[in-house]
Amino acid sequence: MTAAELPVGDDLTTLESHILSEEQRHAGASGTFSWILAAMTLSAKIISSKIRRARIEDVLGSIGSRNASGDDQQKLDVIANETLLRCLGSRAGVALLASEENDQPIILHTEEDRPYCILFDPLDGSSNLDACVSVGTIFSILHHDSHADPIETSLLQPGTKQVAAGYMLYGSSCVFAITTGSGVNLFVLDPTVGAFLLVQENVRIPGAAKSYSINEAYRSRFPEGYQRYLDWAHGNGYSSRYIGSMVADVHRILIKGGVFLYPPTTGNPDGKIRLMYEANPLAMIVEQAGGKAYAGTTPLLEIQPKALHQRTPVIMGSPTEVDHVLEHLATSP
Ligand code: AHG
Ligand code: MN
Ligand code: MN
């Protein structure tokens, strides 16, 4: 009788096992971080299944109220928010939770052994839900400063201080992109077994691609530099793609290259994108994949936040494409 051989093929790695093995490389790691990520993947599975069944369960449409940023709240914004609060709120190690959908952060506990704060946009692009267009969840993880007084000020850290960041994209497949500061890894939910499986390690954004993503209907309200960039792009064979869910637009750029822009407008001098819930985590992902992220001419991750719900202009994507935008901003008043 001969010994059996292992079947040949790539290893199957789940998100949880990947994070566990990363954590084991750090001396003294307690497992808290893996525990938090497991809550994040559970949330993703619940939200993904709710979205897929939304029309059947009659949870599409608005609830008729507005969130902290003044956006019309969708029923699924509330469901996704409650799912994340429920899954993350019970995890040891989480001191503070802050959501785009809540005016105030949630203080879970004040004892010293809670090292993390988690901020999230529960559903990004939710106005697209009724039309079955891709939406996502974006999250940012910070170290909690147990000496912060009042405790909420622990959340007001620049994006450079993020311990981890990522997003779940509920598209034609459910994708989970995450960085812990050493590259970006991509997982896809296999719905037949209910696990996120690793599909790409160390994702690299294409260096250049003649594609921009912007709401061009606001063009006349943009500062002159952005208008001149658009003129230049029109004359240089660029194409335009705009989904209207930043998480989906940025994911497409991560895979195919290009630049995402949400400039200031005359009505909204800081643009629309929220610094802490959307811009910082997506900027960390883009930079960890070799791209660039700016707020006008300032490196986006260096902005010192003054308020939890503050907005910021955004330029992020392939390094060459971001540079083309910056060149036009530099030569305009
Ligand atoms: P949210 O659904 O979380 O409120 O975010 C929507 C954001 C962002 O995802 C998208 O890029 C942008 O709003 C679209 O805004 P415009 O409709 O002004 O283009
Ligand atoms: Mn959003
Ligand atoms: Mn949202």
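Glu100 and Leu123 are both buried, meaning under 20% relative accessible area, with exposed over 50% and partly exposed in between (1.4 Å probe, protein chains only). Keep in mind that this is a predicted model, where local features need pLDDT of at least 70, side-chain atom pairs count only at pLDDT 80 or more, and totals for chains, interfaces and linings use all residues.

Those two residues meet at a metal. The manganese ion (ligand 3) is held by Glu100 (OE), Asp121 (OD) and Leu123 (O), at 2.3 Å. Glu100 sits in the loop between strand 3 (94-99) and strand 4 (106-107), while Leu123 is in strand 5 (residues 116-124), so the pair ties together parts 23 residues apart in sequence. Strands here are DSSP runs (E, at least two residues), numbered from the N terminus. Donors are N, O and S atoms within 2.8 Å of the metal (3.2 Å for Na, K and Ca), and water is not among the atoms, so sites may look incomplete. Asp121 also bridges to the manganese ion (ligand 2), and the two ions lie 3.6 Å apart.

Now for the rings. The whole structure has 8 aromatic pairs, counted when ring centres of Phe, Tyr and Trp (its six-membered ring) lie within 6.5 Å; planes under 30 degrees apart are stacked, over 60 edge-to-face, the rest tilted. Phe176 and Phe196 make an edge-to-face pair, 5.4 Å centre to centre with 80° between the planes. This pair links strand 8 (residues 174-179) to strand 10 (residues 195-200), with the two Phe residues 20 apart. Both Phe176 and Phe196 are buried.

Numbering runs from 1 along each chain as its sequence is written, chains are lettered from A and ligands numbered from 1 in written order, and side-chain values use heavy atoms, leaving out hydrogens and water.

Terms used. Helices (H or I, at least four residues) and strands (E, at least two) are DSSP runs, numbered from the N terminus.
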